[in-house]
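Some notes on this model follow, point by point. Please read them with the structure open.

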Amino acid sequence: MAIRKILLYPEDEPGLRKISEPLTGMNRQVRKLIRDLKDTLANDPRGVGLAAPQINVHKRAFVVRLGSSEDSPPEENPLIVIFNPVILAEGDVKRDFDGCLSFPGLYGKTKRPHYLNLSGLNERGEPFEKEFHDADAVMIHHEIDHLDGILFIDHIEKMEDLYRIIENEDGMPMRVAVSDALSRGDDSTILNRHR
Ligand SMILES: [Zn+2]
């Protein structure tokens, strides 16, 4: 088990913004990367996807938990590692829920394709081509962005689309718009950098 530190925004922004390099072959280092990505994602109950640059490894690789929007308990969905992803076709662009392990507690509405035809390498280094739909397509699109240093806040069109989930006095989760939090002086870093 190797659970790696996840880079956080804004303090680790340089690492999150760096462009990742394609994988050129399978070796011991790559197999360690696969294990680290899976261990680190499995360790976080909120996590459905994690890209290599988020653990400060700038290789074009990510791990996702497919089928996360379905009713089955998330731990039953296998973790899939994909290398060198290339979007061959995309469509069905809609607004949907977005969040990121590098932005704990922050969520938003972004527009992303809900259909992707993707090529890449699987975790054995074998080429594949596969179609993804709905939440799986959204999640993969989010992870591919990370490989190019693009973060979900870059897709936020207006501040009202960004919110935090906090616990109220009864311990129940509650949404707070970032634009409201701002008037209280919180979240100013995100806004300053975003605008
Ligand atoms: Zn992310």
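1. Start with Y115, which sits in strand β4 (residues 106-121). The model is a predicted one, and that applies to every point below. The C-alpha atoms of Y115 and E90 are 5.4 Å apart, although 25 residues separate the two in sequence. Y115 counts as partly exposed because 14 other C-beta atoms lie within 10 Å; a buried residue would need 20 or more.

2. D92 belongs to strand β3 (residues 79-99). Its phi is positive, about 55 degrees, and the residue is not a glycine. D92 is classed as exposed because it has 12 C-beta neighbours inside 10 Å, and the limit for that class is 12 or fewer.

3. D134 lies in helix α3, which covers residues 134-147. With 15 other C-beta atoms within 10 Å, D134 is partly exposed.

4. The peptide bond joining Y9 and P10 is cis, with omega at about 5 degrees. P10 is in the segment before α1 (13-17). The other detail is G171, with a positive phi of about 75 degrees, in the turn of the hairpin that β6 and β7 form.

5. In that hairpin, five residues lie between the two strands. Strand β6 (residues 162-167) pairs with strand β7 (residues 173-177) in the antiparallel sense, over five bridges. For orientation, R164 stands opposite V176 in β7.

6. Helix α2 runs over residues 28-42 and has 15 residues. From first C-alpha to last, α2 reaches 21 Å, close to the 21 Å expected at 1.5 Å a residue. Its buried residues are L33, L37, K38, T40 and L41; note that K38 and T40 are on that list. The buried residues of α2 pack against β1 (49-51), β2 (61-65) and β3.

7. Which residues touch the most other members of the largest nonpolar core? They are L37, A52, A61, F62, V63 and I140, in a core of 26 residues. At least two residues of this core come from each of α2, β1, β2, β3, β4 and α3. Helix α3 gives the most, with six residues. Nonpolar side chains tend to be buried together in soluble globular proteins.

8. Not counting residues up to four places away in sequence, I140 touches V64, L116, L118 and F132. There is also a second, separate core of 11 residues, and C100, F152, L162 and Y163 are among its members.

9. Finally, the overall picture. The protein has five helices and seven strands, in the order α-α-β-β-β-β-β-α-β-β-α-α from the N terminus. Of its 195 residues, 32% are buried. Among contacts with a separation of 6 or more, 58% are between residues 24 or more positions apart.

Methods
Residues numbered from 1 in each chain as written. Predicted model: local features only at pLDDT ≥ 70, side-chain atom pairs only at ≥ 80, totals over all residues. Helix = DSSP H or I, 4+ residues; strand = E, 2+ residues; numbered from the N terminus. Contact = placed C-beta atoms within 7 Å. Pairing = 2+ DSSP bridges. Expected span 1.5 Å × (residues − 1). Core = buried A, V, L, I, M, F, W, Y, C linked by C-beta atoms within 7 Å.
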